[in-house]
Amino acid sequence: SLIEANLATGQTERILYQYDPQGEYQPMFYWTPDLQYLAMFGPEQASTMAMPARPVTVVHLPTGETYTFPDEAPDVGQLHLCDQFSPLGNYLIALATPSAQEIFSIVVFDPQGNPVQTLPSEQLAAYDLSWMRCPAWQPSEEAFYFQALSYDDTANTYQYLIFKYSLANQT
């Protein structure tokens, strides 16, 4: 369980997560650097490169308001939220995984679950990506970098690619 307690009195203020003894996996918890938001990533069913979708709830700790993040978006498909907030706590990122006709894309969310920007699949289509990793942010949150895997049909090999995406330029 995850509880908020008053250290001076030892009294429980509220229960943020109640342990489920029947559950096989427990959720992961991540705070923003300013401790205003707590992200609770639901139990992961398996550990694979495809990163299975997990329920994600964010709690605004001062008010207790909760925000449930979508696991699918109409324009990009199934979403897989990356654990960890951006360095200043302003964003969470979701990778959109492809189905038979879809191509990878990335959605940047604010802590309340509102989409802020989307790296459109069209910008990545030429690379024929088969896999992506969650990004690493610049400390200023102006841009992030992410690694992807592409199959080169001509050389019959895989290539690891590193991309930089700038929020200001949307490129």
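**Entry 1. Aspartate 20**

I looked up aspartate 20 and found this residue in the loop between S2 and strand S3 (28-31); strands are DSSP runs (E, at least two residues), as helices are (H or I, at least four), numbered from the N terminus. The model is predicted, hence local features need pLDDT of at least 70 and side-chain atom pairs count only at pLDDT 80 or more, while totals for chains, interfaces and linings use all residues. Residues are numbered from 1 along each chain as its sequence is written, and side-chain values use heavy atoms, with hydrogens and water left out.

I noted a relative accessible area of 38% for aspartate 20, so the residue is partly exposed; the class lies between buried (under 20%) and exposed (over 50%), with a 1.4 Å probe and protein chains only. I then took the C-alpha separation of aspartate 20 and serine 1, which is 8.3 Å for residues 19 apart along the chain.

**Entry 2. Salt bridge**

I searched the whole structure for salt bridges (a side-chain nitrogen of Lys or Arg within 4 Å of a carboxyl oxygen of Asp or Glu) and found one. Arginine 14 and glutamate 4 form this bridge, with 2.5 Å between the closest N and O atoms. Because arginine 14 lies in strand S2 (residues 12-17) and glutamate 4 in strand S1 (residues 2-5), the pair ties together parts ten residues apart in sequence. I recorded arginine 14 as partly exposed at 24% relative accessibility, and glutamate 4 as partly exposed at 30%.

**Entry 3. Disulfide**

I ran the search for disulfides (cysteine sulfur atoms within 2.5 Å) over the whole structure, and it returned one. Cysteine 82 is joined to cysteine 134, with an S to S distance of 2.1 Å. What does the pair tie together? Cysteine 82 is in the loop between strand S8 (77-81) and strand S9 (92-97), and cysteine 134 in the loop between strand S12 (129-132) and strand S13 (136-137), so the link ties together parts that are 52 residues apart in sequence. Cysteine 82 counts as buried at 4% relative accessibility, whereas cysteine 134 counts as partly exposed at 29%.

**Entry 4. Sheet**

I traced an open sheet of five strands, ordered S7-S8-S9-S10-S11 with antiparallel pairing; two strands pair if DSSP finds at least two bridges between them. Strand S7 (72-73) and strand S11 (115-119) are the edge strands, each pairing on one side only. S7 pairs with S8 over two bridges in the antiparallel sense, and glutamate 72 stands opposite glutamine 78 in S8. Strand S10 (residues 105-109) and S11 pair over four bridges, also antiparallel, and phenylalanine 109 has proline 115 in S11 as its bridge partner. In the S10-S11 hairpin, with five residues between the strands, I noted a positive phi near 90° at glycine 113.

**Entry 5. Nonpolar cores**

I listed nonpolar cores (buried Ala, Val, Leu, Ile, Met, Phe, Trp, Tyr and Cys residues joined through side-chain atoms within 4.5 Å). The largest has 19 residues, and Ile106, Leu129, Met132, Phe144 and Phe146 have the most contacts inside it. S9, S10, S12, strand S14 (143-152) and strand S15 (157-166) each supply at least two residues of this core. A second, separate core of 18 residues includes Val56, Val76, Leu81 and Val107.

I also looked up contacts (heavy atoms within 4.5 Å) of phenylalanine 144, leaving aside neighbours within four places in sequence; among them are Ile93, Ile106, Val108, Trp137 and Phe163.
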